[in-house]
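Work through these exercises with the model open beside you. Try each task before you read its solution.

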Amino acid sequence: MDDLLQRLGELPCGRRLLAVVGATRGVHLVGGAVRDLLLGRVPRELDVVVEGDVAALAAALGDDAATHEHFGTATVRLGDCRWDLAASRAEDYARPGALPDVRPASITEDLRRRDVTVNAIALELSGGELRAVEHAFDDLAARRLRVLHDASFHDDPTRLWRLARYRARLEFELEPHTAQLARAAVERGLAERVSGARIGNELRLALTEPDPVAALQSAVELGLAPWLEPDRARTEAALALLPADGRPDLVVLAASLAESPDDADQRLAGLEFTAAERGVLRAAGRSRELAADAAAARRPSELARVLRRAPVEAVALVGADGAAEPARRWLRELRHVALAIDGDDLLAAGVPRGPQVGRRLAATLDRVLDGEVGAGREAQLAAALVAS
């Protein structure tokens with residue numbers, strides 16, 4: 001498979017990997033990277049399995065290496081490149097949803113522990129030899145997702161979420177028996193036996209897919225997230241308004257939540273979303289109410305009072321919910337308007353310390369927003385001194 005090695009070498013990070021490995025035997029590119037190379041796609045990540053010394057390869061690849069000797073893994077970064085390394089291993093599960101017990105094993109055994117056949121392919125980097133589990137190449141040609149054994153979802157229910165992501169990203173169909181196993185696993189509640197943190201991590205990964213709406217829809221269709229109702233048109237309208245300092249993943253999630261803000265907040269807390277993230281999502285849950293108020297605003301100062309405390313992700317959804325122009329104006333223009341004076345300037349000018357300082361500044365900012373007072377410091381100070 002010299003053509004695969006050539007394609008890998010055309011990628012800057014692949015070229016570095018091949019140069020470091022050289023003639024060393026037992027180093028394999030695995031999983032999605034090999035699958036994508038075989039499909040003629042650019043791999044999203046480079047995962048490497050080593051039948052040997054992981055730490056030595058990590059040190060040779062780059063100085064920024066986080067090595068976990070106990071687990072036999074390492075993550076190496078060099079410039080824009082990242083390589084995830086692991087010692088070849090087999091896994092056993094003490095109970096459904098538990099983290100696996102691992103033991104050293106050959107690359108052949110390592111492939112058997114993987115999620116679906118099209119990800120259970122390894123490319124040996126020194127000579128280009130391909131290894132794969134049964135059905136892998138047939139399934140790749142047929143654009144089909146098949147688990148490796150009947151206990152796959154029983155051993156690790158998070159594979160259900162991965163199946164949803166692969167289905168959306170690759171646009172592959174589920175092999176009929178795999179679809180049957182997935183339905184049975186969901187009906188038995190296997191996905192609910194996994195910790196909230198692990199499910200939350202799978203949800204986060206879905207939100208960063210090239211098409212996150214499709215990934216969420218796939219999860220819903222598999223029965224994994226009945227509390228979501230992905231809405232492509234609403235999501236895309238919001239993302240078109242989102243500024244660079246916003247988080248697209250939270251916009252996608254906010255546009256998909258079907259529960260009340262209180263119920264969604266409780267669920268996401270259980271999935272270990274942070275308080276800050278949940279605050280954004282709660283605010284976004286009021287987007288339709290805010291959209292009505294924003295559309296009714298007649299002056300920039302009125303619009304500011306509606307949207308000033310809303311995070312940019314929530315304002316983007318306000319735009320998607322019927323107030324596109326007010327949301328766009330706030331995000332691109334009005335939210336950046338600031339006074340050239342502050343409370344110290346008013347105190348120095350003789351205004352007594354107290355609540356009126358804040359009121360005068362707020363009134364002056366309203367007049368600046370409405371174009372009644374200019375951007376200059378002197379004009380603003382004069383306006384603040386006569387404000388009530």
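The exercises below cover strands, a pocket and aromatic rings.

This is a predicted model, in which local features need pLDDT of at least 70 and side-chain atom pairs count only at pLDDT 80 or more, while totals for chains, interfaces and linings use all residues. Residues are numbered from 1 along each chain as its sequence is written, and side-chain values use heavy atoms, without hydrogens or water.

**Exercise 1. Find the strand partners of β5 (81–87).**

Step 1. Strands are DSSP runs of E with at least two residues, numbered from the N terminus. Two strands pair if DSSP finds at least two bridges between them.

Step 2. Take β2 (46–50). β2 runs parallel to β5, with 5 bridges. Here D47 faces D84 of β5.

Step 3. Take β4 (73–78). β4 runs antiparallel to β5, with 6 bridges. T75 also stands opposite D84.

Step 4. Look at the turn. The hairpin of β4 and β5 has 2 residues between the strands, and G79 has a positive phi near 60°.

**Exercise 2. Sort the side chains of β8 (residues 121–124) by direction.**

Step 1. Recall the rule: side chains in a regular strand alternate between the two faces of the sheet.

Step 2. Apply it. I121 and L123 point one way, A122 and E124 the other, and all are buried.

Step 3. β1 (residues 27–30) joins β8 antiparallel through 3 bridges, with H28 opposite E124. β9 (residues 130–132) is also antiparallel to β8, over 3 bridges, and R131 is the bridge partner of A122.

**Exercise 3. Which charged end sits over the ring of F273?**

Step 1. The test: NZ of Lys or CZ of Arg within 6 Å of the ring centre and within 35 degrees of the ring normal.

Step 2. R204 is the one, 4.2 Å from the centre of the F273 ring. Likewise, R35 lies over the face of Y166, at 5.8 Å.

Conventions. Helices (H or I, at least four residues) and strands (E, at least two) are DSSP runs, numbered from the N terminus. Buried means under 20% relative accessible area, exposed over 50%, partly exposed in between (1.4 Å probe, protein chains only).
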